[in-house]
Amino acid sequence: AAMDYIPKIASEYAVDPTNVVVIGHSAGGHLAAWTGMRTSLPSGAVGANPQIIPSLVISQSGVLDLRQAYEKFIGGYAVPSLLGSSQGGRVDPVKFPPTSPYEMLPTKTKLVLLHPEKDQAVPLEMSERFHRRAQETGCDCTLQKIPGEGHFHFLQEDTQSRHLTMAYLQQFLEPGASKKHHERENKGMKAFVAATNDPDILRATQDAFSEKFSLKNDTTSP
């Protein structure tokens, strides 16, 4: 409902309804991904016939496969509660196809999956499996593994998880930015890399952003 309300307020708040980015963490990552999959819903289903389709979804350790989460008891009774179970946690299997992003692929929305390798709440394997399926179905999907951090580092300010989220967001929005804004982003990304001592983080960051921010030959000076 909130997504489809955007066109009604777009002119009042100078919002471009054709260029919407949705970011979500954990269970919010599930909802963010689901907003990008709604075109696959049959008429009459909750969320069908969307007025807004996100241009980009960034999932932060998202629960992208509800069936897998239910079967492996990831998040406890969160999935049964979400799907309205009233039978002691038992979920009717017919509820998964219109609610689980994994089963709703493919999508035309660009997807970025950020997942820390030490996540103890939502296993990295869920994003890896989703990424494989997305690629098999022809989606534009990027998986960025984050060494050394866990599930809740996205909620802390000075972490690689938070920086990578902002960097992917800036990378997506940058084409419409001014030259001055681009230079400021470039400097900020160089400073981020310069402050990073973990070689795995350095390599991952450089691979993701070297072309956009010209970091290959300058990783030491802010």
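Student: What share of the contacts in the protein with a separation of 6 or more is between residues 24 or more positions apart?
Tutor: This is a predicted model, where local features need pLDDT of at least 70, side-chain atom pairs count only at pLDDT 80 or more, and totals for chains, interfaces and linings use all residues. Residues are numbered from 1 along each chain as its sequence is written, and side-chain values use heavy atoms, leaving out hydrogens and water. Contact means heavy atoms within 4.5 Å. For residues 24 or more positions apart, the share is 68%.

Student: What is the mean pLDDT of the protein?
Tutor: pLDDT is the predictor's confidence in each residue, on a scale from 0 to 100. It stays under 50 over residues 187-197, for which the model has 25 contacts beyond four places in sequence. Residues 209-222 also stay under 50, and there the model has 34 such contacts beyond four places in sequence. In the protein, 77% of residues reach 70 or more, and the mean pLDDT is 83.

Student: In what order do the elements of the protein run from the N terminus on?
Tutor: Helices (H or I, at least four residues) and strands (E, at least two) are DSSP runs, numbered from the N terminus. The protein has nine helices and four strands. Their order is α-β-α-β-α-α-α-β-α-β-α-α-α.

Student: Is strand 3 largely enclosed or open, and how many of its seven residues are buried?
Tutor: Buried means under 20% relative accessible area, exposed means over 50%, and partly exposed lies in between (1.4 Å probe, protein chains only). Across the protein, 45% of the 222 residues count as buried. Strand 3 covers residues 110-116 and is largely enclosed by the rest of the structure, because the number of its residues that are buried is six.

Student: Within what arc do the buried residues of helix 1 fall?
Tutor: In helix 1 (residues 2-9), the buried residues are Met3, Asp4 and Ile6. Seen down the helix axis, they line one face, because the directions from the axis to their C-beta atoms fall within an arc of 130°. Ala2 and Lys8 are exposed on the other side of helix 1.

Student: Which residues touch the most other members of the largest nonpolar core?
Tutor: A nonpolar core is a set of buried Ala, Val, Leu, Ile, Met, Phe, Trp, Tyr and Cys residues joined through side-chain atoms within 4.5 Å. Of the 23 residues in the largest one, those touching the most other members are Leu105, Leu111 and Phe130.

Student: Which element gives the largest share of this core?
Tutor: Two or more residues come from each of helix 1, helix 2, helix 5 (101-104), strand 3, helix 6 and strand 4. The largest share is three residues, and the element giving it is helix 2.

Student: Which peptide bond is cis, with omega near 5°?
Tutor: Look in the loop between helix 5 and strand 3, where Pro106 is found. The cis bond runs from Leu105 to Pro106.

Student: Is Ser61 buried or exposed?
Tutor: Ser61 is found in the loop between strand 2 and helix 3 (66-71). Its phi is near 50°, a positive value in a residue other than glycine. At 0% relative accessibility, Ser61 counts as buried.
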